[in-house]
Amino acid sequence: MASETSTKIEWGQRVPQPEALALIPEVMARKFKVIPMEINDNTIVVAMANPSDIFAIEALSTRTQKRIEPYAVTEKEVMEAIDFNYKGYADIEKQISDIGQTKRSSNAVKVSEDSAIIDNITNTPVVQGLTLIIDEAVKARASDIHLQPQEHNLRVRYRIDGTLYDMFALPLETISPLCSRIKIMSGMNIADHHRPQDGHFSINAKGRLLDVRVGTVPTVYGEMVALRLLDKSRVNLSLTELGFMPDSLKIYDEMLKSPYGMILVSGPTGAGKTTTLYASIDKLDHKAQNIITIEDPVEYRFKNINQIQVNTRAEVTFAAGLRSILRLDPDVILVGEIRDAETAGIAVQAALTGHLVLSSIHANDTAGAVVRLMDLGVEPFLVSSALIGVIAQRMVRRVCSNCARPVKAPILEQLAYKKEMGEEKEEFQYGKGCRVCSNTGYHGRSGIFEIMRISDKMRMMMLNREELAHLRSQAFEEGMISLLKDGMQKAREGITTPYEVLRNTYTSE
């Protein structure tokens, strides 16, 4: 049983000994929800979710041939520790090393070579190797996997909390069978190595059902592959969980209650626009309203919502799909992205004819989104009549709650905070780095938002085609909080750091 002193150990500061990890395999650790911590002579100290499980203790003792000294931790803590400490990189390299090397010439790929590749990718080593790569990405909370062929090796990178990390390298010749395996799973053309392709597949990884979006493109050293991992279990996020502050959430909730009009979400790629749109429609009444979406691609599927996938080959574009939706008696329409003049025009007309339209658009800030609509050819009087409001957003990394501690910030961060908030503050929460956050100091992400609700005075400014700066100044006069200020408020509360806010909101202005 765990001693009284052992349960008081600061769990987040303890690092398992590699020798202890080697004695208990990952399969057994997951089965009994244990993590081996250290070896003391003939005793092995283990953290257990259930330290009174005598059957687990007996099995561990038989396996290790040592006395087991357990101490209690929560099940969540022990499973996170297993994910972090049992790295499968060695297993990946072992599986990949068994793959037969596929010779490629610099000329067009021959049929015999393609046949050899197909034979290789049906072999267990390739299948297991790819599965292990995806499993390790899930363990690391990665949103993307990049397989990037270099001059001498295959670079494997994971995007975690919006930042890319080099994880390990594989022999260069493994890219061909791995890429071919991915193409078969994604329904792509395995014989075409010279043109970009895209596809998707589903896979069960570590008990999670993932939709994987795939893109390939030829490079000078071979085909580069990017895998976007979409975890279906994480789709039901509320607007509060996304990072809306109470006052901002109240304004946005009022905007969503509008029976018709247009709400735009702006920001660069990766800013979380689609997640915000999904959380918005999830808040609406699915039973009383006919909600239809047109997306490219449909990332997550919702009950009681009709979702349409863009398919250019079948001539189902945003514009064509939007026209069809208008004949299906919708109450709420979600347009994945306004990319062109035709889509912009139809979306605005839909908003003016009694529909609530939600969409994303690429712009730096809220006022920029309004100008972007006009640049796409929509007349100012239509924009001013249709728009309810605009949200600009970015994603910042959250400080790891397990290893956060107050630290005096660099002088530049202090000055930026003072300039924006009008108050002095020297210390902020920073993550020291621990097993939970993979020693990055950050764990998860939060949105920072700028919400501009269109007032009558702002509508008149649009009609008069006033400059973007004047429109933005009027929004601030009416109480709009900038992205930078919203971020600094979160830094003050210890959610993120001033550095993260500056990194994601910096402009040349």
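With which residue does E423 form a salt bridge? In this predicted model, local features require pLDDT of at least 70 and side-chain atom pairs pLDDT 80 or more, whereas totals for chains, interfaces and linings use all residues. Residues are numbered from 1 along each chain as its sequence is written, and side-chain values use heavy atoms, without hydrogens and water.

The partner of E423 is R492, with the closest N and O atoms 3.7 Å apart; a salt bridge denotes a side-chain nitrogen of Lys or Arg within 4 Å of a carboxyl oxygen of Asp or Glu. E423 lies in the loop between helix 16 (411-421) and strand 17 (427-431) and R492 in helix 19 (residues 483-492), so the contact ties together parts 69 residues apart in sequence. Helices (H or I, at least four residues) and strands (E, at least two) are DSSP runs, numbered from the N terminus.

The whole structure holds 22 salt bridges. Among them, E254 pairs with R453 at 2.8 Å between the closest N and O atoms. Because E254 belongs to helix 10 (residues 246-256) and R453 to strand 18 (residues 442-453), this pair ties together parts that are 199 residues apart in sequence. E254 is partly exposed, at 35% relative accessible area, and R453 is likewise partly exposed, at 36%; the term covers values between buried (under 20%) and exposed (over 50%), computed with a 1.4 Å probe and protein chains only.

A further salt bridge joins the side chains of E424 and K418 (3.0 Å, N to O). E424 is exposed, with 64% relative accessibility, while K418 is partly exposed, with 39%. R155, R157 and D166 are linked in a salt-bridge network.
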